[in-house]
Amino acid sequence: MTLISQSSEWQALSAHWQKMQDVQMRDLFSADPDRFNLMSVEACGLLLDYSKNRIDQNGLNLLQRLAEKANLKQAIDALFLGAPVNSTEQSAALHTALRYQKGESLIYEGRDVMVDVTAVLNKMEQFTAALRAGEWRGATGKPITDVVNLGVGGSHLGPKMVTEALAHYANHTLRLHFVSNIDGTHLSETLRHLDPHTTLFTVTSKSFATPETMANARVARQWCQDGMGPSVDVLKHFIAISANRKRVAEFGVAEANFFQIWDWVGGRFSLWSAVGLPIALSIGMPRFRELLAGAAEMDAHFRTADFDKNIPVLLGLLGIWYIDFAGITSHAVMPYDQYLRYFPAYLQQLEMESNGKSTTLDGQTVDYQTGPFIWGSVGSDGQHSYFQLFHQGTHLTTTDFIVPVNSHNPLNGHHEKLLANCLAQTEAMMTGVSIEEICREDKQSIQTASLAGSIQQHKTCIGNRPSNTLITKLITPEVLGALLACYEHKTYVQGVIWQVNPFDQWGVELGKKLARVLEQELVSDSNQGVHDASTQGLLNYCRKNRKI
């Protein structure tokens, strides 16, 4: 496989950036009053405005040619058809099958996976309805009031984010809690005000051997036993969501409380499966199916729309334009919706764990940048912290703004202020403000203002900062499903073009391997591994000062 950077399409884009790097977006809008209409796409309840980017139609055409060079269309088909797109583990990535609608089928390894997917969804529906109605009770006959999800990574970030994002639709008589950290504080503080008689734990781990999750599960089991007495079957208070039925049984969870997931679903793509059980418990299974339907609609859009009208493809290509040709490796995501406050953290795992790679599918080392740093927070909080760097700092960051036109909680004038702030920030980042404009506003001459240290100099903003805006009428389960699927597919687009595998995470495994050795060494006086001087010194300090 020849590196994509050696292609004529890549070289053409590199040359085109040299022409575009000093072009002002203000001038692009002045030259084409119809720029917004030409550079916006509406699909699946979302409107993408990508007109505030340092790119022209020629650049977009060149990016689409790069996608064609990378065989993106064939790669999209391979994803949906169950081809082994996870090449290092020789597996399909069938998360899209989890949201297939009725009547669809997909044969994988000689079996229609939809038979299993449908069976699990139906089991989720029965369990969810019984628990939410108070019919499914704990070991001592009391109804469940609190559900604690024990998971980490994709078993935590997705369910937590969606549960919070759709809290408007929640049954608030059932309280959801999420524990992921191996730091005992997380579990201790969560359990402090809960009653074991009315608490249910969902333990989510594909292998049912994830160290953080299983350590928390064992403590939770003992907490239940201590609180309800030695004769009570506390394992009735545990639901297992896993691909490893044998380990689930060894832990003691009954088959009736076991919900299957499959090896062909990666953790960061798994919220559509039984991993999303906490979501269903919160909003109800009908709403959960609406979430799936929204994602399925985006799947169809991604699979069939031409690249120039394809929202995930456009987002992916624009990211590559800035990362690989402009050298901008920082990307912020700003949801102007309090319900979406955990969305940036969810995207950090989705994008950075997927495409944080430097080895191509055939084992070559890349000579270009891959996954960017993803970060952000809810608006308008960010405006009062790091937006100063956006407007006047020396570092360039690209930004996605996400905002609903309407609010589920329309307090008097609040949402109008929120919308205005969001739109204003996209405008300010693009236009900036020149010293001439400031002087006209201050009714001061430019000659006076140009003196060193004048206040007008300090007020100038360069502008020309790129951003996309994703806007929707209202955040509903369908719209959220479409939004999440959109970013999944954007991530896949970039992985295909960068020639990396977005479905493995071998780098994560190295830290786990070393941690297992160091954990043993912390409680003993002998080393089982060979460490560098720094790590050995830190280990010795911890041994010396650790309270037994």
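Trainee: How many salt bridges does a search of the whole structure find?

Mentor: The search finds 18 salt bridges. A salt bridge here is a side-chain nitrogen of Lys or Arg within 4 Å of a carboxyl oxygen of Asp or Glu. This is a predicted model, where local features need pLDDT of at least 70, side-chain atom pairs count only at pLDDT 80 or more, and totals for chains, interfaces and linings use all residues. Residues are numbered from 1 along each chain as its sequence is written, and side-chain values use heavy atoms, with hydrogens and water left out.

Trainee: What makes Arg 175 and Asp 146 a salt bridge?

Mentor: Their N to O distance is 2.9 Å, and the limit is 4 Å, so the pair qualifies. Side chains of opposite charge can pair when their charged atoms come close.

Trainee: Which parts does the pair Arg 175 and Asp 146 tie together?

Mentor: Arg 175 lies in strand β6 (residues 175–179) and Asp 146 in strand β5 (residues 146–150), so the pair links parts 29 residues apart in sequence. Strands are DSSP runs (E, at least two residues) and helices are runs of H or I (at least four), numbered from the N terminus.

Trainee: Why is Asp 146 called buried?

Mentor: Buried means under 20% relative accessible area, exposed over 50%, and partly exposed in between (1.4 Å probe, protein chains only). Asp 146 has 2% relative accessibility, so it counts as buried. Arg 175, at 44%, therefore counts as partly exposed.

Trainee: How do you know that Lys 512 and Glu 509 are about one helical turn apart?

Mentor: Both sit in helix α21 (residues 506–522), 3 residues apart, which means a separation of about one helical turn. With 30% relative accessibility, Lys 512 counts as partly exposed, and so does Glu 509 at 33%.

Trainee: Why are α1 and α13 called roughly perpendicular?

Mentor: The axes of helix α1 (residues 8–20) and helix α13 (residues 311–326) come within 10 Å and cross at roughly 80°. Axes are lines fitted to C-alpha atoms, for helices over the stretch in contact, and angles run from 0 to 180 degrees between N-to-C directions. Under 35 degrees counts as roughly parallel, over 145 as roughly antiparallel, 65 to 115 as roughly perpendicular, and the rest as oblique. The two helices are therefore roughly perpendicular to each other.

Trainee: Which residues of α1 and α13 make the contact?

Mentor: Contact means heavy atoms within 4.5 Å. Among them are Trp 10 and Trp 17 of α1, and Trp 321 and Phe 325 of α13.
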